[in-house]
Amino acid sequence: MQIGKYTVAFQINKNSYAECFRVHDDSGKNYFLKLFNMAKLSDQQLDGSANSIIEIELAATLNHPNIMRMVDRGEIVIDDQKYAYMVCNFIVGETLKAKMDRDKICSVYDMKRIISGVLNALKYLHRGDEPIIHNEIIPDNIMLDMSKNIPVPILIGFGHAQRLTADNAKLFMDGLNPFFLAPEVFKGVYSTLTDLYSVGIMMYYMLYGVVPWYVNLKNSNEDERINAVLNARKQPLLIPNVKIFELDDNLLDIIAKATDPDVNKRFQSANEFLLALSGEITAKGSSYQKFDVPKNKTATDTTVSKTNVNKGNGFADVAGMEELKKRLQDEVIDIFRKPEKYAKLHVKAPNGILLYGPPGCGKTFIGEKFAEELGCNYMYVRCSDVASPYIHGGQEKIAALFEKAKKEAPTVMFLDELDAIIADRSRHTNVSEYGEVNEFLTHLNNCADNRIIVVGATNNPKGIDPAALRSGRLDIKVYVPAPNEQSRISLLKMYLKDISTDDIDYALIARQTNGYVSKDICSLVNKAALLAVKADKEKIDMQTMLTALNERKSDLPSVSSSLLAQFENIRAEFEGKKQRNPIGFR
């Protein structure tokens, strides 16, 4: 499908009046495109005097690092109907909602960083004599730009935005999430303070995984939904009485103030909100009540994701990669399982393993399945789990992680994006970060004696501090490549095993999918299934697979041939420096 000079790759979402697509131009550069059906827009979404769409007109005026940027606009006729479209810069990442669906809760450090970005965007929107009110500050409208080491929050979704000074500007309520709306919005009143109320709700949601004053709205009509939400808010704000690292009374006061039903008691500007979040001013004055979480409920007192994986399938779930699995089996797993056999020659288990290779090739998945194969506990650690805004706070968190792993040993501690966690100290200018690397290095020494194996994963092995890579720390370095042809056959069979197929030539497809990683194969199979449904087929046949492969060529593979060549050079460099004794005789 062609829209102006843009080719549609796939649809992202759709609502009653518009569709969003990922598109690319003639040069192959990616963008987001929103296509509006003019006939389905409400009067509240149109600027009558200019005969234009308010969302597009507002987007054209915005230029801020925390706000999605519009780069093009136009009109088009499709099937004798008039459409308008706007094109925005492509963001590599995910929505905050997607992150929350996966992680369930957010660390205080991540929450502060994301909320600060959103407030900076609102500070920009609310400026001047004609403030723009976003009116839909929800997790779905916060994109996390992953193109840099630290995700950057980007505000999107201006479908309900209005200028505060617009004449008779009524709020378009269709599709709004009532749990994030300020009480006065239900009466048709909105302002800069209603956006800030939504930010307070989002803070609560990020910390606890649920919205405050939640009520079940299933099978309720619009009036019943509004009444249920407003009645629930007649009760005090309830805060779960759980221990969350770095959550203090000041943050709870901020949430209470931001969500106060009295607009005069709330933050009066995004800047005031930011000052409170940074600790420069206090936010006392609004009340809340703590309540004890029942023991059978999900606890939120966790710095890392820990999963008991004793009952998993282990390497049986890893398609292909036989050489990699055999190496881990021979050099690590057997030593743990049969210590008496190796003790005769004083062979000790390695302290750590480095999994390195191109992005998307399954390093995190392999780390989890490795823990299952060992039959021990699994701790997943991100950079944000050990970050702290306080001097030496990160070092204390690192020490606590290893103490926790020791108590629950045997433990596989998986460090994701290791180049950010144990970054090369020669590039540091921050004394606190330098100390955190030292803390990690200290705990890496002989951690296997405490039945802890550290597994680090990275797409940038050259960014890791060299001291972490020496013998006695990350003893074993394992290259995780893009799936080879045989592995791609295994992945195709795995993703197609529960789908009806007809004469699929797996080897032929595997030969044409060089550079495809697991997610790419999954996406290819999903595209083929979609094509089969549209063609009223009951099975996926070979022709459908080839058509899907041809249609996805503009987006896939995730790992280019140049990137593969780059990592092969890194691999050669690493293996050239590899110690003769990879399993650590001491």
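**Close-up 1. Phe90 and its partner ring Phe32 in the predicted model.** Phe90 is partly exposed, with a relative accessible area of 26%. Phe32 counts as buried, at 16% relative accessibility. By the pairing rule used, the count comes to 11 aromatic pairs. One of them joins Phe32 and Phe90 in a tilted arrangement, 5.1 Å centre to centre with 45 degrees between the planes. The pair links distant parts of the chain, 58 residues apart: Phe32 belongs to strand S4 (residues 30-37), and Phe90 to the loop between strand S8 (81-89) and strand S9 (93-95).

**Close-up 2. The stacked pair of Tyr380 and Phe414.** Tyr380 is in strand S18 (residues 377-381) and Phe414 in strand S19 (residues 411-415), so the pair ties together parts 34 residues apart in sequence. Both Tyr380 and Phe414 are buried. With Tyr378, Tyr380 and Phe414 make up one aromatic cluster.

**Close-up 3. Charged ends over aromatic rings.** The charged end of Arg127 sits over the ring of Tyr124, 3.9 Å from its centre. For Lys257, the charged end sits over the ring of Phe267, 5.6 Å from that ring's centre.

**Close-up 4. Helix H15 (residues 485-496) and its packing partners.** The 12 residues of H15 reach 17 Å from first C-alpha to last, close to the 16 Å expected at 1.5 Å a residue. Buried residues in H15 are Ser487, Arg488, Ile489, Leu491, Leu492 and Leu496. The buried residues of H15 pack against strand S22 (501-502), strand S23 (540-541), helix H16 (506-511), helix H17 (518-534) and helix H18 (542-551).

Key
Residues numbered from 1 in each chain as written. Predicted model: local features only at pLDDT ≥ 70, side-chain atom pairs only at ≥ 80, totals over all residues. Heavy atoms only, no water. Helix = DSSP H or I, 4+ residues; strand = E, 2+ residues; numbered from the N terminus. Expected span 1.5 Å × (residues − 1). Buried < 20%, exposed > 50% of the residue type's maximum accessible area, 1.4 Å probe, protein only. Contact = heavy atoms within 4.5 Å. Phe/Tyr/Trp six-rings, centres within 6.5 Å; stacked < 30°, edge-to-face > 60°. Lys NZ or Arg CZ within 6 Å of the ring centre and 35° of its normal.
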